[in-house]
Amino acid sequence: MAFIPGQPVTAVVQRIEIQKLRQGDNLILGFSIGGGIDQDPGQNPFSEDKTDKGIYVTRITPGGPADAAGLMMGDKIMQVNGWDMTMVTHDQARRTLTKKKEDVVRLLVTRKSLEEAVKQSMSYPRQ
Amino acid sequence: MDNESQYSGYSYKSSHSRSSRKHRDRRDRHRSKSRDSSSRGDKSVTIQTPGEPLLDAESTRGDDRDDNWGETTTVVTGTSEHSISNEDLTRVTKDLEESTPLECKRFVGPALGGCLSFFALVTPLAFLILPQVLWRDALEPCGTPCEGLYVSLAFKLLVLLISSWALFLRPPRATLPRFFVFRCLLMVLVFLFVASYWLFYGVRVLEPRERDYRGIVEYAASLVDALLFIQYLALVLLEVRHLQPAFCLKVVRSTDGASKFYNVGHLSIQRAAVWVLDRYYNDFPVYNPALLNLPKSILSKKMTGFKVYSLDENTTNNSTGQSRAMIAAAARRRDNSHNEYYYEEAEMDRRVRKRKARLVVAVEEAFTHIKRLHEDEVASSPKHPREVMDPREAAQAIFAPMARAMQKYLRTTRQQAFHSMESILTHLQFCITHNMTPKAFLERYLTPGPTMQYQQQNGRGRQWTLVSEEPVTSALRQGLVFSLRRLDFSLVVTVTPLPFLRLGEEFIDPKSHKFVMRLQSETSV
């Protein structure tokens, strides 16, 4: 999912809605993120293009809200509740996801398998 | 309790014990001041309870006097016929300082040293000349080696002469209370040395009429060599040893807390005191007694309060108990004087700034009234005859518009005692002559300068007293405290050694400066 600077980014995305779970004083989502424009993109195991500085899901707590909503490890998060996640720092992403006033986050995520699924479905001509 | 005090803000007869105060002659102003009491150097401070007159008849504090004192004092000093005003007092102290007779003690040391060195320098020549004069015929002629020795002798004497002039022939800057140990040591050394040479000369050469002239010349040359080495020793002991810093002195002025830190080398206490005073005149802002006090409106609130009556039958004159009770009660009472102090300070600041603004504008305007006449403009057209003035007249001409603003500013900042109109005019004339801007002219008045700026050049010098618990010729060491006292304030000096520095080394290869992005951090949300 490389991007060319100046050109709009196109991707096939899946909409995932996660309900935050209250644990004591915190609202948790049940996954971990990595990446950001201030991080080293070469160390990202999930990205195809090693210059991609987007936010990726690195771990999912089994049985947590993200798992229940269908988020998968290696997903790249494009938007959170309408806020862009492709050009943010790691800390900004964390803050956007963990806003205390929001119970629900609606993510737009993309993954390799989505692209392929669309390509496959487009290559089969409709009957 | 056997305590009484004088809050000697301006009391120029600062004596220290009760008995001497009684014996003091109150009308004698020209007694040579406090020489005997200061040489005692004791440090008794006495506190007085408000039963007795706190300010005696002569030591008034002029316009800061607090009239609310009338409550418990028996003498109201303001109306006493012996009182003098603040300005008179400063004038009198100045007169007193100028009329101190020139001490001959100041010149004894250098005179002695001068005689000794003259004697030492003339001795080799005497050694050479005496045989020639007395038994010339019997002397063996001495050829080339002697001439070489003559030349080297001459040049060594010349070097000795020049370096003595450079190092030692300087007017002394201070008289020390005790002997300057190193200098005495060196003078004794030189004296013994030259005396022993004369002794040997007398016994070995003059008596038997020695004929070997070359030996005599070598003898004289060896004397000059040794004198050169003694001079080297003198240079090291007197000038070089104290250059490497070893102690840090903290100097605090007792009246307003102005403080500075200095690094000095190994010195005795008295030499360190002279060193500190040298720097005091340059670094410390001038002592202005008018700036010291809290405004009376604030202080007086504390004093009016309640009186303590003791109802005991057997009045044991428990004055400590009384004063302690008063202090405790005053502390317990809710006290808003800090509030007033704050507002008073803010008000004062505002006032000073306003006056300063007016002064700056007035001076700027005044300076635009004159301009320098260049050489080629002298022959100007007869249509505009200009009156050509010299600096003094020019200064007088432009002084008038700024005089009032200046006076008001000086009064607000309480500096009017330091600047007379004459001095302001002289300074203005100086600034005009040197093409200074108004800001440069005002620099002298806007900030209180170092004390050196206000000194009148008189040859009598300033009297300071060194107060110390250790003998003043002992060397500086850690934890030593001594103070330098003058009439109305003192400088307290504390000695701490400079820390020992352990310097390590770390080599950085210039090629080792490399950077990477930070590691991927993973945050769980």
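Predicted model: local features only at pLDDT ≥ 70, side-chain atom pairs only at ≥ 80, totals over all residues.
Strands are runs of at least two residues that DSSP labels E, and they are numbered from the N terminus.

- When neighbours within four places in sequence are left aside, the residues in contact with B:S483 are B:T465, B:L466, B:V467, B:L491 and B:V492.
- B:Q455 is found in the loop of chain B between α14 (438-446) and β3 (465-468), and with a relative accessible area of 23% this residue is partly exposed.
- If residues up to four places away in sequence are not counted, B:Q455 touches B:Y281 and B:R462.
- Although B:Q455 and B:Y281 stand 174 residues apart along the chain, their C-alpha atoms are separated by 9.3 Å.

**The make-up of chain A**

- Chain A contains three helices and eight strands, and when these are read along the sequence they follow the pattern β-β-β-β-β-α-β-β-α-β-α.
- Chain A has 127 residues, of which 39% count as buried.
- The accessible surface of chain A comes to about 7600 Å², and 53% of that surface belongs to carbon and sulfur atoms.
- Among the contacts in chain A between residues at least 6 apart in sequence, 67% join residues that are at least 24 apart.

**Salt bridges**

- Side chains of opposite charge can pair when their charged atoms come close.
- Over all chains, the count of salt bridges comes to 15.
- Which residue forms a salt bridge with A:E17? The partner is A:R106, and the closest N and O atoms of the two are 3.1 Å apart.
- A:E17 lies in strand β1 (residues 14-19) of chain A and A:R106 in strand β8 (residues 104-110) of chain A, so this pair ties together parts that are 89 residues apart in sequence.
- A:E48 counts as partly exposed at 48% relative accessibility, and A:K112 counts as partly exposed at 40%.
- In chain B, B:R350 forms a salt bridge with B:E347, and here the closest N and O atoms are 3.4 Å apart.
- B:R350 and B:E347 both lie in helix α11 of chain B, where they are three residues apart, or about one turn of the helix.
- B:R350 is partly exposed at 46% relative accessibility, as is B:E347 at 34%.
- Returning to chain A, salt bridges that share partners join A:E48, A:K112 and A:E116 into one network.

- Which residues form the positive surface patch? They are B:R351, B:K354, B:R358, B:R404, B:K408 and B:R414.
- Two helices of chain B, α11 (337-367) and α12 (391-412), each supply at least two residues of the positive patch, and α11(B) gives the most, with three residues.
- B:K354, one of the residues of this patch, lies in helix α11 of chain B and is partly exposed, with a relative accessible area of 43%.
- A nonpolar patch on the surface is formed by B:Y150, B:V151, B:F155, B:L158, B:L161, B:I162, B:W165 and B:L169, which together have about 850 Å² of accessible area.
- B:L161, one of the residues of the nonpolar patch, lies in helix α5 (residues 144-168) of chain B.
- The relative accessible area of B:L161 is 46%, and this residue is therefore partly exposed.

Notes: Residues numbered from 1 in each chain as written. Chains lettered and ligands numbered in written order. Heavy atoms only, no water. Patch = residues over 30% accessible without salt bridge, like charges linked within 9 Å, V, L, I, M, F, W, Y side chains within 5 Å. Areas by Shrake-Rupley, 256 points an atom, 1.4 Å probe, with all protein chains shown as cover. Salt bridge = Lys/Arg side-chain N within 4 Å of Asp/Glu carboxyl O. Lys, Arg positive; Asp, Glu negative; His and termini not counted. Charge placed at Lys NZ, Arg CZ, Asp CG, Glu CD. Helix = DSSP H or I, 4+ residues; strand = E, 2+ residues; numbered from the N terminus. Buried < 20%, exposed > 50% of the residue type's maximum accessible area, 1.4 Å probe, protein only. Contact = heavy atoms within 4.5 Å.
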